[in-house]
Amino acid sequence: MWDLVLEDRRINSLRLVAPMWNGRIRGIHRLGGAVAPEGNQKKKRTILQFLTNYFYDVEALRDYLLQREMYKVHEKNRSYTWLEKQHGPYGAGAFFILKQGGAVKFRDKEWIRPDKYGHFSQEFWNFCEVPVEAVDASDCDINYEGLDNLLRLKELQSLSLQRCSHVDDWCLSRLYPLADSLQELSLAGCPRVSERGLACLHHLQNLRRLDISDLPAVSNPGLTQILVEEMLPNCEVVGVDWAEGLKSGPEEQPQDTASPVPA
Amino acid sequence: MIRRVLPHGMGRGLLTRRPGTRRGGFSLGKVEDHKRVLWFWVVPNLRLCVLQDPKPWPTLAGQWVGLGKGEYLAVVDAPPLDLRFNPSGYLLLASEKDAAAMESNVKVQRQEGAKVSLMSPDQLRNKFPWINTEGVALASYGMEDEGWFDPWCLLQGLRRKVQSLGVLFCQGEVTRFVSSSQRMLTTDDKAVVLKRIHEVHVKMDRSLEYQPVECAIVINAAGAWSAQIAALAGIGEGPPGTLQGTKLPVEPRKRYVYVWHCPQGPGLETPLVADTSGAYFRREGLGSNYLGGRSPTEQEEPDPANLEVDHDFFQDKVWPHLALRVPAFETLKVQSAWAGYYDYNTFDQNGVVGPHPLVVNMYFATGFSGHGLQQAPGVGRAVAEMVLKGRFQTIDLSPFLFTRFYLGEKIQENNII
C-alpha cells in the first residue's frame, strides 16, 4: 500500500485524502497535492525519511497515520450482513458498490451511478429482488474483506475491477463462487495483481472476456497472456500483445535459409 | 554489534537463539507452504482443544491473510510486503485405504472455515486432464486462500517489522548456558531440581571470541539442531525413564528438492499435487519449470551430515511416481536440486511448544517435521502468550508441551509430505 505514498501516480487516491488534510498536517502523510512538481516531492520525501530515521515521535506519528489509513480502508469494506437480512443479497451488494463509488446494473434496468458528490438514487431498494447483472467497481477501494459483499451477487455476469489498488492475488482466489454466471471480467490497471493470481481464474469456466492489460506486477506479460489463453480456451483474453518484448529486426532474421550457400 | 547485545536481556523483544542462520534449512528447503494447513495440520491434533470462546476474533484464516497481505507487517517508508503467494491450492490424492482419513480431515478443515472440495476420479479428470487417476480414490482440493509462497520474503518481512519495533538481531553460535539450580519439593513431597538459565555464551563466527549474554528467557527455536541446544541446557541428563532423563527427540533429517523442466507439462492452473505415494510437485514460475520431491522411507533415510544431493534418489524413487501420475512427466530434464533439513520429531512428528518443566525459563518452538513454516505464526503467537501471560490464550497448545515425551502421550502427525 505504501506505493501509494511514495509514488504519486495514483492521483485518484490522493483526491480522497487531500480534502481531509488540507487543514493542518498536509504533506506529512500524503506528499502534497497532485499538482506539486516532481522535484519538490522528492525533496519532501527525503526530508520525511530523514526525520523518521532520527526522531522517534515522527516515526510514531507516521506509523499511526499509516495504521489509520489501513483502518479507513478496512472500515469501507465491512460486511453488510444486517442489510442482507433486511433487503436481500442483491440490495446489500448493490449498496456496498454504490457506497464505494462504483456503478451497478440490475437486470433489465439502467446503470445506477453515484454522482461526483457520492450521492446515488435510492430507488433500487424497491427492486432488490432483481438480480444484479453487472458491476463496475473501477477505482474503488474494494479489498479482500469487501469481496464478501460482492460474492453475494450470485448471478453477476460482468465485473470490472479496473485500477482497484487493493485487489490482489488473494482476492482473485475468492472469485470462484461466481463461476456459474460470470462472463466478463476486467482487471486492467490493478497494481497488485500478478500472474500468480491470474492462475486461479481457471475456475471461471464460463468466462468469455478477460481483460488483463496494464498489470504492472506481472513479470512477463506476453508469456502470461499465452498461458492464460491456454488455461481458458473459451475465453477471449484481451490486453497484451503476445509479441510484446520480442525483438524482431533485420539483424535477427536467419540468413542461412534465405540465401543459397555460395559455392 | 556486540555492545548492542548487552542491553538485550533487559530490552523488549524476545531473543531467539539459533546457531547461525546460515547452515542449510529453511529458505533452501521446500520453497512452499500452504495456508489451510494452519487449520489442517494443527487442528486435527487439537480436536480436544477447540478454540475456547468463539468471540469475533480475527480467525486463524484472518490472521494468516493479514500476515500474508502485509497488513500486520506494514512498516513506514518501506514497500508493502509481497509474499509472492500463489493461491493455486493443494491437491492431495488419496488411495482407497487413505480415503476415509482424508474425508475426516476435510470435515475438520471445513469446520474451521477452510474451503476444501472433495473430488472423485472423474471430476479430477475433468478438471485436470493431464492427471492419470489410476489408484486414486479421492482427492481434496483447496479452493480459496490456499497455495504456496516464498518463505524468504516472509522471513524478511517479519525481520523488518520486528526491527522497526525495536528488536536487535545478532548472529553467533550458542556454546554454553550458565544456569543456577534450586532444590524444591513437589506437592507429593518429592524432591526436584529446577534450573534457571542466567547467561548464554554466544560465540562469534570463525573466531574463539564469545559474548556472555544475560537473559531472562531462552526460546529454543533452533530447528534441526534443537536437540544440541537442549543438551547444552542439561535436558536429558539423567537416568532414562525419568523426566530429567527425557531428551528432546528432534533430529535433522535431510530432504531433497528437485527442479526440472518439462515443456508439455501441466498448465498455469496446476496446484501443488501430492500423490498417493508421497511424491509431490508444483509449478515454478512461468517457464514450464516444476519443483518437487518425495520423503524417503525410514530405511532410505540419507545421512544428515552434509547437504549433498543424491540424484539417483530422483531417478529411482521420485520420477517413476511422478511419471505414473502425470504422463507428461515421462520426458523431463532435471535443472537443479538442493537439500535441506527437517527438524524431525522422532516421537510423533509433531511440534514441541511451551516451557520445559525443569529448566523453567527455556521455551520450545521446534520439532515441526517439515510443517514449521506453516505453523510458525500460530506458534509464535502461542509462545508469546506463554511468555507474557503464562498460559495459552488463542489456541490451547497444551497437548504439544514437552511433558508428553515423558508421559508417552503421542499426538501422531500422519500427513508429513
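Biologist: Which residue in strand 11 of chain B is the bridge partner of Ala274(B)?

Modeller: Happy to start there: this is a predicted model, where local features need pLDDT of at least 70, side-chain atom pairs count only at pLDDT 80 or more, and totals for chains, interfaces and linings use all residues. Residues are numbered from 1 along each chain as its sequence is written, chains are lettered from A and ligands numbered from 1 in the order written, and side-chain values use heavy atoms, without hydrogens and water. In strand 11 of chain B, Ala274(B) has as its bridge partner Tyr280(B).

Biologist: Nice! Which residue takes a positive phi in the hairpin of strand 11 of chain B and strand 12 of chain B?

Modeller: Strand 11 of chain B and strand 12 (residues 289-293) of chain B pair in the antiparallel sense over five bridges. Four residues lie between these strands, and the one with a positive phi, near 80°, is Gly285(B).

Biologist: Which residue of chain A meets Asp82(B) in a salt bridge?

Modeller: The rule (a side-chain nitrogen of Lys or Arg within 4 Å of a carboxyl oxygen of Asp or Glu) finds two salt bridges across the interface of chain A and chain B. In one of them, at 3.7 Å, N to O, the partner of Asp82(B) is Arg196(A).

Biologist: How many residues does chain B give to the contact?

Modeller: Contact here means heavy atoms within 4.5 Å. Chain A gives 33 residues, and the count for chain B is 31.

Methods
Pairing = 2+ DSSP bridges. Helix = DSSP H or I, 4+ residues; strand = E, 2+ residues; numbered from the N terminus.
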